[in-house]
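Reader: I am new to protein structures and would like to learn how to read one feature at a time. Could we go through an example together, slowly?

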Amino acid sequence: MCFVFRVNTVNEYASFVLKEMLKDVVRTKTYLNIIYKNKFLFKEKIVLDVGVGTRILSFFCAKAGAKRVYAIECSQMADMAPEIVKGNGFSNGN
């Protein structure tokens, strides 16, 4: 089965994908469990997260002990980064 979604911009596509991914609780909890059960892979490491959207996986890595997390996003979600980061108890340099 193939689904074709027609969107006008990258930002519309990103918004659609992010909404669907955030609704997928099983997927998100699976990532959380894998990261937390393997903290040794993240502790004191530098993590690069590309296409971060809401940054949830970046936060998981930070809470698992990553020394620094670089989060890259090209949609308008990047404009919301300071608010999302602050709202989750993180800040630049912490």
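Author: Let us begin with the terms for the chain's pattern: helices, of at least four residues, and strands, of at least two, are DSSP runs, numbered from the N terminus. Please keep in mind throughout that this is a predicted model.

Reader: Which pattern does the protein chain follow when it is read along the sequence?

Author: Read in that direction, the protein chain follows α-α-β-α-β-α, and its elements amount to four helices and two strands.

Reader: How should I read burial, and what share of the residues of the protein chain count as buried?

Author: A residue is called buried under 20% relative accessible area and exposed over 50%, with partly exposed in between. In this model, 26% of the 94 residues of the protein chain count as buried, while the chain as a whole exposes about 7,200 Å², of which carbon and sulfur atoms supply 58%.

Reader: Which residues make the nonpolar surface patch?

Author: The patch, of about 540 Å², is made by Ile 46, Leu 48, Val 50, Tyr 70 and Ile 72. The elements that give two or more residues to it are strand E1 (46-50) and strand E2 (68-72), and E1 gives the most, with three residues. Ile 72, found in strand E2, has a relative accessible area of 43%, so this residue counts as partly exposed.

Reader: What is a disulfide, and how many does a search of the whole structure find?

Author: In general, a disulfide is a covalent bond between the sulfur atoms of two cysteines. Here a search of the whole structure finds zero disulfides.

Reader: How do I read contacts, and with which residues is Ala 62 in contact, leaving aside its neighbours within four places in sequence?

Author: Contact means heavy atoms within 4.5 Å. Ala 62, which lies in helix H3 (residues 56-63), is in contact with Val 69 and Phe 90 once its neighbours within four places in sequence are left aside. The C-alpha atoms of Ala 62 and Phe 42 are separated by 8.1 Å, although these residues are 20 apart along the chain. At 25% relative accessibility, Ala 62 counts as partly exposed. For the protein chain overall, among contacts between residues at least 6 apart in sequence, 42% join residues at least 24 apart.

Conventions:
Residues numbered from 1 in each chain as written. Predicted model: local features only at pLDDT ≥ 70, side-chain atom pairs only at ≥ 80, totals over all residues. Heavy atoms only, no water. Patch = residues over 30% accessible without salt bridge, like charges linked within 9 Å, V, L, I, M, F, W, Y side chains within 5 Å. Areas by Shrake-Rupley, 256 points an atom, 1.4 Å probe, with all protein chains shown as cover. Salt bridge = Lys/Arg side-chain N within 4 Å of Asp/Glu carboxyl O. Buried < 20%, exposed > 50% of the residue type's maximum accessible area, 1.4 Å probe, protein only. Disulfide = S-S within 2.5 Å.
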